[in-house]
Amino acid sequence: MTTTLTDAAIEIRGVTKRFGSVQAVNGIDLTVRRGEILAFLGPNGAGKTTTIDMVLGLSTPSSGTVSVLGRAPEQAVADGMISAVMQSGGLLKDLTVRETVELTASFFPRPHPVAEVLARAGIADIGERLVGKCSGGQQQRLRFAMALVPDPELVILDEPTTGMDVEGRREFWKAIREDAARGRTIVFATHYLDEADAYADRIILIRKGELVADGTSAEIKAMATGRLVRATFPGARLPALQAIPGVESVEVRGDSVLLRGRDSDAIARHLLTKTKATDLEITSQNLEEAFLALTGDTA
Amino acid sequence: MTSTTFRGLNPTMIRIELRRVLRNRRTAIFTLIMPVVLFEIFGSGPQTDDRVGDGNVTAYILVSMAVYGAMLAATAAGASVSLERAAGWSRQLRLTPLAPAAYIASKVLSALVISGTSVAVVFAVGTTSKAQMPTATWVQTALIAWVCSMVFAAFGLFMGYLLPSENVMQALGPGLALMSFAGGLFIPLSQYNHVFRAIAKVTPVYGVGELARYPLVHDGRLAGAVVNVLAWTLLFGAGAALRFRRDTARV
């Protein structure tokens, strides 16, 4: 095996992916550095899984290039440089936990010892359990154990905690975090902002197949905090709206106004008592709206 | 063919596959116990002491049931790809260095090990029965029954890729029984009228049964049986390969 002297764990250049008439990924450029823990954040259908599939060599880009540790994705998989924890599936119910890892290890030329992998994933105590009898969280830790078998430089996790309860999620991330401390590059897709915030060094926001933001957790969070007050307010004037106490950003869309700020009560009180605004609607900004805020797109 | 065609193929795959079969009560009963029970029922009926070729009717039925067991075992092993596709296991395997052809090879090898086990169990029970044939014939018939189960490993694979169902064997089990009747495995072809006999000769079970019983009865058209086995193996194999290629194509 040749060692490639590159700092990039993943290089994505001008990648697009089209399925029939659907443009799933629309020109992504991204470099993931070695040792980084990167969250790939976006709503369902944003193109996260499509992009991940291309990084894993499970599908090929319509245009553009993907390289993993300086080589083609399929080669990186064959070399055991990259592995993945998929969202669901990929397990045989009639195998035990240990057999599943043993079987996975048998495919690799230099696998990590099975016992150690089980321990690292926090499932050493349930090695003899049938996979079909494991909880969702345990199955997910088993997928993580399988991903650790080749001792890869890079692990991709696609929405790894979907459907897990709070306890399962915490246990899962504990195992991931302990492992990441050893310097492995981790890329995970999620639609939970709190998860990205808690575990990633860097967050990439993806929306409609495009990157819309790239920054540290703090930077992204600043963009996504606060609440949104929406009202019908014909003839509203931008400067007047901006002057309302507590308002951080303003958008006027026809007869509607969208005001963002941390103190939504104050904004609402002002609108109702001092203006002709009607039909108030206050929503806390979830991720979807954070995207809207970031892209200025009308949903 | 390059050195990477079967990359990742290893004995652990076969070992774990066998454990799965034994763990699954339904498959174990299907492939190991049912042929024995059928042999016990039909192998000790009236006139089973009559002579057939170098042995007796019980021996004739023993070989037929060994063929049936091998068929079931090989088909079930091949058809397990259906369940593994449904479970997303095939996709998971693409995240390992295991070559796709190595996966298929492991299924064929597992099928042969399991069908061999099935033949061994039926024949072991046969030694305690009144089945009677020369020692060499025991060995020859067992070996042929085993090797020819390859047809059904290919059949199982093809069906496993063709049918979406998770319970593909529930459809294939009765199908194999029908094919066994059609191919003269359960009832000798001499009992059929000439139309059904002609049809029987082109069905997939015919060749295997004829070949496996040949060392015992020294009767039947050997060349026709060989052609039958090879043709169906090729046909099922080609079908499986075609579906397999479509299944693993990257989109």
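## A guided set of close-ups

**Figure 1. Chain A at a glance.** Chain A holds 11 helices and 13 strands; here helices (H or I, at least four residues) and strands (E, at least two) are DSSP runs, numbered from the N terminus. What you see is a predicted model, in which local features need pLDDT of at least 70 and side-chain atom pairs count only at pLDDT 80 or more, while totals for chains, interfaces and linings use all residues. Residues are numbered from 1 along each chain as its sequence is written, and chains are lettered from A and ligands numbered from 1 in the order in which they are written. Along the principal axes, the C-alpha atoms of chain A fill a box of roughly 70 × 40 × 35 Å. Of the 299 residues in chain A, 42% are buried; a residue is buried if 20 or more other C-beta atoms lie within 10 Å of its own, exposed if 12 or fewer, and partly exposed in between, with C-beta atoms placed from the backbone.

**Figure 2. The two domains of chain A.** Domain 1 covers 8-222 and domain 2 covers 225-295, with bounds that come from an automatic or database domain assignment. Their C-alpha centres lie 38 Å apart. Contacts can be followed along the chain as well: two residues are in contact if their C-beta atoms, placed from the backbone, lie within 7 Å. Among contacts in chain A between residues at least 6 apart in sequence, 68% join residues at least 24 apart.

**Figure 3. The sheet S2-S1-S4 of chain A.** Three strands make an open sheet in the order S2-S1-S4, with antiparallel pairing; strands pair if DSSP finds at least two bridges between them. Strand S2 (22-33) and strand S4 (63-68) stand at the edges, each with a single partner strand, so one side of each is left without a neighbour in the sheet. On average, neighbouring strands of this sheet are turned by 20° against each other, direction ignored. Start at strand S1 (residues 8-19), which is joined to S2(A) by 9 bridges and to S4(A) by 5 bridges. Ile12(A) has Leu30(A) in S2(A) as its bridge partner. On the S4(A) side, Ile10(A) stands opposite Val68(A), and Thr16(A) has Ser63(A) as its bridge partner. S1(A) and S2(A) form a hairpin with 2 residues between them, and Gly20(A) in the turn has a positive phi of about 60°.

**Figure 4. The sheet S11-S12-S10-S13 of chain A.** This open sheet has 4 strands in the order S11-S12-S10-S13, and the pairing is antiparallel. At the edges stand strand S11 (249-253) and strand S13 (278-284), each with a single partner strand, so one side of each is left without a neighbour in the sheet. The twist averages 15° from one strand to the next. S11(A) and strand S12 (residues 256-261) pair over 5 bridges, and Val250(A) stands opposite Leu259(A) in S12(A). Helix H10 (residues 264-274) packs on the sheet, touching strand S10 (227-232), S12 and S13 of chain A, and its direction makes about 15° with that of S10(A). Such axes are lines fitted to C-alpha atoms, for helices over the stretch in contact, and angles run from 0 to 180 degrees between N-to-C directions.

**Figure 5. The nonpolar cores.** A nonpolar core is a set of buried Ala, Val, Leu, Ile, Met, Phe, Trp, Tyr and Cys residues joined through C-beta atoms within 7 Å. The largest one has 143 residues, and those touching the most other members are Ala145(A), Ile156(A), Ala66(B), Val67(B), Ala145(B) and Val151(B). Helix H3 (residues 57-86) of chain B gives the largest share of this core, 19 residues. Leaving aside residues up to four places away in sequence, Ile156(A) touches Ile52(A), Val55(A), Leu56(A), Ile82(A), Ala84(A) and Val187(A). A second, separate core of 11 residues includes Leu228(A), Val247(A), Leu259(A) and Ala277(A).
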